[in-house]
Amino acid sequence: MGQTVNCSHQIARSEVVPVIVAGDFNVPSDEDWIEENRDAHGGWVIKWPTTQLLRNTSGMRDSYRQINSDPISDPGITWSVFKYLVEWDYTVPDPEDRIDFIFYRGSIKPTSSFTYSGSEQLRPMPEHTTNSWPSDHYSVVTDFEDIPFYEAPSQPMKRVDPHFISKHCDIIFEKCTSSIIRAYDEGNKVDRRKRHRSHAKGRA
């Protein structure tokens, strides 16, 4: 059974405690399936609703696309490491796409974001069992930096409708892990400038 997380309360407080939603969404991004690369997507331009709802209803941002804004030059593929389908005797390529994300909202900003699959060259199926990388997904790694409290916008990104988010949370996620960055003491927040690293790991 899928697990749902009602994160409307955390999102509403993200000016004080930044929010990160990360993981394997199993759907592409509407920012990637655009007119300029429709040939790579079977001639389709699709406004995938999951990523669109996260941005439009909760004001969250896709950390990878904030750093790598061009889906043509930086597709950010996270699926699949294995490359070929077993059903076709490893002769037909597995469809590739970006389906692992790190979304964020609040007084933090990404300073770098990249995919990672270990330090050794990956071998496709059926030799994949010898890979040092244990997952069938690439991971996404984003470095975040605090925005000092006095520099943070009074209404970051956009106004949140908690009732809308609560109503649609079950639709947006079949399974969602919501990671909340450590809460800061507001009185000391101005002086703190720590870096946070968040990993969206694929399935092992």
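Ser29 lies in the loop between E1 and H2; helices (H or I, at least four residues) and strands (E, at least two) are DSSP runs, numbered from the N terminus. Ser29 counts as buried because its relative accessibility is 0%, where buried means under 20% relative accessible area, exposed over 50%, and partly exposed in between (1.4 Å probe, protein chains only).

The side chain of Ser29 reaches the backbone nitrogen of Glu31 at 3.0 Å. Setting aside neighbours within four places in sequence, Ser29 is in contact with Trp48, Thr51, Asp62, Arg98 and Phe101; contact means heavy atoms within 4.5 Å.

## Basis of the model

This is a predicted model, in which local features need pLDDT of at least 70 and side-chain atom pairs count only at pLDDT 80 or more, while totals for chains, interfaces and linings use all residues. Residues are numbered from 1 along each chain as its sequence is written, and side-chain values use heavy atoms, with hydrogens and water left out.

Strand E3 (residues 100-105) is mostly covered, with 6 of its 6 residues buried. Asp100, Ile102 and Tyr104 point one way from E3, and Phe101, Phe103 and Arg105 point the other way. Strand E1 (residues 19-24) is also mostly covered, and 6 of its 6 residues are buried.

E1 and E3 run antiparallel and are joined by 6 bridges; two strands pair if DSSP finds at least two bridges between them. In this pairing, Ile20 stands opposite Tyr104 in E3. Strand E2 (residues 61-62) pairs with E3 over 2 bridges, in the antiparallel sense, and Asp62 stands opposite Phe103 in E3. Asp62 is also one of the contacts of Ser29.

## Helix H2

In helix H2 (residues 49-58), the buried residues are Thr50, Thr51, Leu54, Arg55, Thr57 and Ser58. Thr51 is also among the contacts of Ser29. Just after H2, Gly59 takes a positive phi of about 70°.

## Confidence

The protein chain averages a pLDDT of 74, and 64% of the residues score at least 70; pLDDT is the predictor's confidence in each residue, from 0 to 100. Confidence in the protein chain is highest in helix H3 (residues 63-67), at a mean of 97, and lowest in strand E6 (residues 178-180), at 33.

Over residues 154-160, pLDDT stays under 50, and the model has 19 contacts beyond four places in sequence for them. Residues 164-204 likewise stay under 50, with 106 such contacts. Where pLDDT is low, the predicted coordinates should not be read in detail.

Terms used: Polar contact = N/O pair within 3.5 Å; in protein donor to acceptor, adjacent residues only side chain to side chain.
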